[in-house]
Amino acid sequence: MNRTANTLALATPLALLGGAYVSQYGFGLYPCEMCWWQRYPHFVALALAVIGLARPGQKVWTALAALAILASGLIGAFHAGVEYGWWEGITGCATVAQAGGDPLEAILNAPIVRCDVAPWTLFGISLAGYNFLISTAAALAIFGLLRREGGTK
């Protein structure tokens, strides 16, 4: 049974999205445009993992969730490279952080969140870098679990 792979496919995006929202709303680390790009595949992975749990005999849903998790990780790798100055990012990639209240005042007083600046690092690794490391490792682990369990369903 592919329950372990399904659980990992559900837990990974839940944990990473949870961490992203805690950092955003708890610590004021507003996401830039590329940060949002990393979240979208995790939302897709969540939906696919839920379908995979509802249909445990069909591994395709878990495999698709793993692909979505891997996609987020690869976007994170690109974003981390932009933050570290290894390559140039998308021109004009910046977001205005909005915190509610009067929309015009919020826009005028809100800081610009740039994609090429890491707002937080731990051991020299940015949040995008951690997304790359965690998502890629989780996706590879899911693929390994599915392969070990055999079958093509």
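Start by selecting leucine 10, which sits in helix α1. Helices here are DSSP runs of H or I with at least four residues, strands are runs of E with at least two, and both are numbered from the N terminus. This is a predicted model, where local features need pLDDT of at least 70, side-chain atom pairs count only at pLDDT 80 or more, and totals for chains, interfaces and linings use all residues. Residues are numbered from 1 along each chain as its sequence is written, and side-chain values use heavy atoms, with hydrogens and water left out.

Now show what leucine 10 touches. Setting aside neighbours within four places in sequence, leucine 10 is in contact (heavy atoms within 4.5 Å) with Leu46, Ala49, Val50 and Leu53. Next, draw a C-alpha to C-alpha line from leucine 10 to threonine 62: they are 52 residues apart in sequence and 8.9 Å apart in space.

Stay in α1, which covers residues 3–27, and click on asparagine 6. Is asparagine 6 buried or exposed? Asparagine 6 counts as buried because its relative accessible area is 1%; buried means under 20%, exposed over 50% and partly exposed in between, using a 1.4 Å probe and protein chains only. Leaving out neighbours within four places in sequence, asparagine 6 is in contact with Ala49, Gly52, Leu53, Pro56 and Thr62.

Time to look at whole helices. Select α1 and α2 together: they pack at an angle of about 145 degrees, with axes 8 Å apart. Axes are lines fitted to C-alpha atoms, for helices over the stretch in contact, and angles run from 0 to 180 degrees between N-to-C directions. α1 passes α2 in a left-handed crossing, that is, the near helix is turned anticlockwise from the far one by less than a right angle (clockwise would be right-handed). Residues making the contact include Asn6, Leu10 and Tyr21 of α1, and Trp36, Ala49 and Leu53 of α2. The contact of α1 with α2 divides into 15 nonpolar, four polar and one charged residue. Here Ala, Val, Leu, Ile, Met, Phe, Trp, Tyr, Cys and Pro are nonpolar, Asp, Glu, Lys and Arg are charged, and the others, Gly among them, are polar.

Pick out Ala5, Asn6, Ala9, Thr12 and Pro13 of α1 with Thr62, Ala65 and Ile69 of α3, which make the contact.

Now find the largest pocket, with a volume of about 570 Å³. A pocket is an open set of points on a 1 Å grid over the protein atoms alone where a 1.4 Å probe fits, with protein on both sides within 12 Å along at least five of seven lines; lining residues have an atom within 4 Å of a point. Points are joined across faces, edges and corners, and the volume is the space filled by probe spheres set on them. Of the 31 lining residues, Ala20, Ser23, Cys35, Leu127 and Ala128 are closest to the centre. Which helix gives the most to the lining? That's α1, with six residues.

For a last stop, jump to phenylalanine 123, in the loop between β3 (121–122) and β4 (125–126). Phenylalanine 123 has a positive phi of about 55 degrees although it is not a glycine, and it counts as exposed, at 75% relative accessibility.

Finally, zoom out: the protein has five helices and four strands.
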